[in-house]
Structures are given as structure tokens and as C-alpha cells.
Amino acid sequence: NASFQNAGGGGGAGAVGSDAPSGAGGAGGAGVSNNITGSSVTYAGGGGGGSTDTSSGGAGGSSIGGNGSGNSGGGGNATAGAVNTGSGGGGGSGNTNFSSGAGGSGVVVLRWATSDATIGATRTGLVDGGVQTDGTDSYIVFTGGQGLITFS
């Protein structure tokens with residue numbers, strides 16, 4: 001006979017996840033914001049813990065980590081971490097078999113002084129949004145694929 005407990009939230013890049021409070025799943029840890037693309041973007045929020053006692057699990061960190069699943073009464077499955085943020089998925093609720101959420105896909109951002117280099121135009125196999133500029137710098141955001149990057 002299995003005994004199920006509420007789960008703590010997963011750690012984020014900026015903070016640990018919360019312990020599970022009485023009767024609920026713990027919240028995911030906060031992500032970290034940076035301005036590498038010229039505007040503030042938050043990455044790597046922790047996933048919320050699943051709850052066996054309440055209808056909803058713990059909240060995902062920084063609103064980009066996945067929310068944990070809850071128990072019966074409309075609990076449903078956990079949610080996935082936000083895409084292109086590297087955030088954790090929410091935890092499942094074991095006693096009602098609500099599944100956990102997938103982690104959010106990652107992202108790679110390269111930034112360089114525009115006067116120092118030019119990135120090669122051929123990036124076969126990579127998914128990106130093209131070279132962008134921010135003041136005297138250039139940057140490119142890769143969201144998928146596998147391949148080589150050259151600078152000249």
C-alpha cells in the first residue's frame with residue numbers, strides 16, 4: 001500500500017524551490033533575468049511540486065517553470081516549463097496518476113561586439129532568428145538544431 005506525499009518545488013537558477021507546505025505542493029524556485037538580447041528576459045525557473053491533497057500543485061518559478069499537478073477535483077496534469085527558457089516542468093500527483101510536465105526547451109544566445117567579428121551566414125542544421133543588433137553589439141538566438149557556427 002503506497003503512501004503519497006506532497007512534493008517540494010524544483011530549484012531555479014536564482015533560488016531553491018520551496019518545501020511542500022501542509023496540504024499543497026511547493027513552489028518552484030525563481031529564474032534569473034538578464035539583458036543579453038537588449039531587453040530583460042528570465043530563464044531557468046523551477047517547476048512546481050505536485051500535490052496529493054489539493055486541487056492544484058505548486059506554482060512554477062518566475063511564471064516560466066511548469067505548475068505542479070493537483071489531486072482529484074479538477075487537478076489535472078502538470079504544465080510544461082516555458083519554451084526556450086530552460087525551465088523545469090511541474091511535478092505530477094502520484095496518487096491520482098496525473099502526469100508531470102516536460103521541462104522547457106533550452107536556448108543559446110551569442111553576443112559580440114559588431115566591430116570585432118561577423119558570424120558566418122551558413123548555419124546549416126540550426127534554428128535561429130538571424131543576427132540582431134543592440135547598440136554596438138550583435139547577437140543571435142538559437143532555439144534548436146545541431147551544427148557549426150563560424151566567425152570571421
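**Reading the contacts and the fold**

Guide: Let us begin with one residue and its surroundings, keeping in mind that this is a predicted model. Leaving out residues up to four places away in sequence, Ser93 touches Ser51, Thr52, Ser69, Gly70, Asn71 and Phe98.

Visitor: Where is Ser93 found, and is Ser93 buried or exposed?

Guide: Ser93 belongs to the loop between strand 2 (41-43) and strand 3 (108-113). A residue counts as buried when its relative accessible area is under 20%, and Ser93, with a value of 1%, is therefore buried.

Visitor: Which polar atoms approach Ser93 there?

Guide: A polar atom of the Ser93 side chain lies 3.5 Å from the backbone oxygen of Gly70, while the backbone nitrogen of Ser93 is reached by the side chain of Ser69 at 2.6 Å. Ser69 lies in the loop between strand 2 and strand 3, and with a relative accessibility of 0% Ser69 counts as buried.

Visitor: What should I look at for the chain as a whole, and how many helices and strands does the protein chain have?

Guide: The protein chain has 0 helices and 6 strands, so that reading along the sequence gives the pattern β-β-β-β-β-β. The radius of gyration is 19 Å, well over the 15 Å that the globule rule gives for 152 residues, and the chain is therefore more spread out than a compact globule. Taken along the principal axes, the C-alpha atoms fill a box of roughly 65 × 25 × 20 Å, and 34% of the 152 residues count as buried.

Visitor: Which residues make up the largest nonpolar core?

Guide: A nonpolar core is read from buried residues of the nonpolar kinds that are joined through their side-chain atoms. Here the largest one has 6 residues, namely Trp112, Ala117, Ile119, Leu126, Ile140 and Phe142. Phe142, setting aside its neighbours within four places in sequence, is in contact with several residues, among them Ile119, Leu126, Arg123 and Asp128.

Visitor: Arg123 and Asp128 carry charged side chains, so how do their side chains meet?

Guide: The side chains of Arg123 and Asp128 meet in a salt bridge, at 2.9 Å from N to O. Arg123 is buried, with a relative accessible area of 16%, whereas Asp128 counts as partly exposed at 26%.

Visitor: How many salt bridges are there by this rule, and which residues are linked in a network?

Guide: The count comes to 3 salt bridges, and the network links Arg111, Asp134 and Asp137. Arg111 forms a salt bridge with Asp134, their closest N and O atoms being 2.8 Å apart; because Arg111 lies in strand 3 and Asp134 in strand 5 (residues 132-134), the pair ties together parts that are 23 residues apart in sequence. The side chains of Asp137 and Arg111 also meet in a salt bridge, at 3.0 Å from N to O, and this pair links distant parts of the chain, with Asp137 in strand 6 and Arg111 in strand 3, 26 residues apart. Arg111 counts as partly exposed at 30% relative accessibility, and Asp134 is partly exposed at 29%.

Visitor: What does the side chain of Ser138 make a polar contact with?

Guide: Ser138, whose place is in strand 6 (residues 137-145), makes a polar contact through its side chain with the side chain of Thr114, at 2.7 Å. At 4% relative accessibility Ser138 counts as buried, and the residues that Ser138 touches include Arg111 and Trp112.

Terms used:
Residues are numbered from 1 along each chain as its sequence is written. This is a predicted model: local features need pLDDT of at least 70, side-chain atom pairs count only at pLDDT 80 or more; totals for chains, interfaces and linings use all residues. Side-chain values use heavy atoms; hydrogens and water are left out. Helices (H or I, at least four residues) and strands (E, at least two) are DSSP runs, numbered from the N terminus. Buried means under 20% relative accessible area, exposed over 50%, partly exposed in between (1.4 Å probe, protein chains only). Contact means heavy atoms within 4.5 Å. A polar contact is a pair of N or O atoms within 3.5 Å; within protein, one must be able to donate a hydrogen and the other to accept it, and residues adjacent in sequence count only if both atoms are side-chain atoms. A nonpolar core is a set of buried Ala, Val, Leu, Ile, Met, Phe, Trp, Tyr and Cys residues joined through side-chain atoms within 4.5 Å. The radius of gyration is taken over C-alpha atoms; the globule rule is 2.2 Å times the number of residues to the power 0.38. A salt bridge is a side-chain nitrogen of Lys or Arg within 4 Å of a carboxyl oxygen of Asp or Glu.
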